[in-house]
Protein chains: 2
Amino acid sequence: MRDEVDDLVEAWGRERGDLDLAPVEVFSRISRLARHLDLARRDAFTAHGIESWEFDVLAALRRAGSPYELSPGKLLRQTLVTSGTMTNRVDRLTARGLVERLPDPKDRRGVLVRLTIEGKAAVDGAFEALLAAEADLLADLPGKQRTQLAGLLRSLLAPFS
Amino acid sequence: MRDEVDDLVEAWGRERGDLDLAPVEVFSRISRLARHLDLARRDAFTAHGIESWEFDVLAALRRAGSPYELSPGKLLRQTLVTSGTMTNRVDRLTARGLVERLPDPKDRRGVLVRLTIEGKAAVDGAFEALLAAEADLLADLPGKQRTQLAGLLRSLLAPFS
DNA sequence: GGCAAGTGTCTTGATGTCGAGATATATCTC
DNA sequence: GAGATATATCTCGACATCAAGACACTTGCC
């Protein structure tokens, strides 16, 4: 089985045969898979009426557990966006009724963002759809290889933490 | 060795123990690695005075081989951006003297984008820096496992082509 | 040859994100 | 306890991208 990256490596090999292209074999595939994955995510979420950026925020709140509250600061660190972006996102999610802003009782500078009932329902439905779509993409890979793949990826990712 | 995704899966497991989170173990790692990779790329390129989007365009031309020419249409298909974006990018690369626009002798609607001498030098230097940075990230992974990982990723990526 | 449909590139307007700065409150140091 | 520094959030301007449409030329068909 041949993929896009085999073509890419072949082209580079023709032009720069002097270089060791082994890293491309791994990292180019990771980048491309991530891009395809984004599209698959988008499709899965569209069916549930939410967008990827909305899921990112709602999922962080959902994972926090009851009462599903986090500060904007914690949210932006989990989702890797800047503070201006998070303000904008929370504004739009509030307008849609999926989250609400409350004053933080412990810190008068602060605010808490809380999932509403509607927000919890939306993120739970979307997450199930996402898992189903992702399971499809993995369908051809035997369980053993899946575990192996997860393990290899973990050893690449761990140094970043 | 534990990574960010182990925490993520643990949190979801607490809240949604009813779901099979196996896909997250693979795809969440792929997305996160892609993000870290983007940052590493950016750093490697910054040292060579170019940006990631510039590399994407220049590299496509470089891979095409001498005389390093492609139409804007081919470029945008290879880099997965829209035509408006490619016009803007070629404009800026032209202003920097890294590419030039020529009329396509075969089709008077068309244009060819060609790498300049400076552009070729820039992309070659940047590509070597990228490979070096990526090789670092792979340093802890034995060659055998690296090949195995590339193979597993290929089987996930191949269906998209 | 001439008209219709197709192709290639560029233009324009809308939008989401970033980054820097502003404001308010908290915490630390002496 | 007062002043200085740090933290939390929001505001605002700049900018890269996208999507749709405009325009020019080419190709296919009668």
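Predicted model: local features only at pLDDT ≥ 70, side-chain atom pairs only at ≥ 80, totals over all residues.
**How chains A and B meet**

Q: Which elements of chain B form the side that touches chain A?
A: Those giving two or more residues are α1 (4–15), α2 (22–46), α3 (52–63), α6 (117–138) and α7 (143–157) of chain B. The largest share, 14 residues, comes from α2(B). By type, the residues on this side of chain B divide into 33 nonpolar, 8 polar and 18 charged.

Q: Why is the pair A:Arg16 and B:Asp124 called a salt bridge?
A: The side chains of A:Arg16 and B:Asp124 meet at 3.2 Å, N to O. The cut-off between such a nitrogen and a carboxyl oxygen is 4 Å, so the pair qualifies. Between chain B and chain A the count is 10 salt bridges.

Q: How much area do chain B and chain A bury between them?
A: They bury about 6,200 Å², 75% of it on carbon and sulfur atoms. B:Trp12, B:Arg63 and B:Leu157 supply 12% of the area that chain B buries against chain A, more than any other three residues. The contact takes 59 residues from chain B and 60 residues from chain A.

Q: Which residues have the most contacts inside the largest nonpolar core?
A: They are A:Ile30, A:Phe55, B:Ile30 and B:Phe55, in a core of 93 residues.

Q: What does A:Ile30 touch, leaving aside its neighbours within four places in sequence?
A: A:Ile30 is in contact with A:Leu153 and A:Leu156, and also with B:Ile30, B:Leu33, B:Ala34 and B:Leu153.

Methods
Residues numbered from 1 in each chain as written. Chains lettered and ligands numbered in written order. Heavy atoms only, no water. Core = buried A, V, L, I, M, F, W, Y, C linked by side-chain atoms within 4.5 Å. Buried < 20%, exposed > 50% of the residue type's maximum accessible area, 1.4 Å probe, protein only. Contact = heavy atoms within 4.5 Å. Buried area = accessible area lost by both parts, 1.4 Å probe. Helix = DSSP H or I, 4+ residues; strand = E, 2+ residues; numbered from the N terminus. Nonpolar A, V, L, I, M, F, W, Y, C, P; charged D, E, K, R; others polar.
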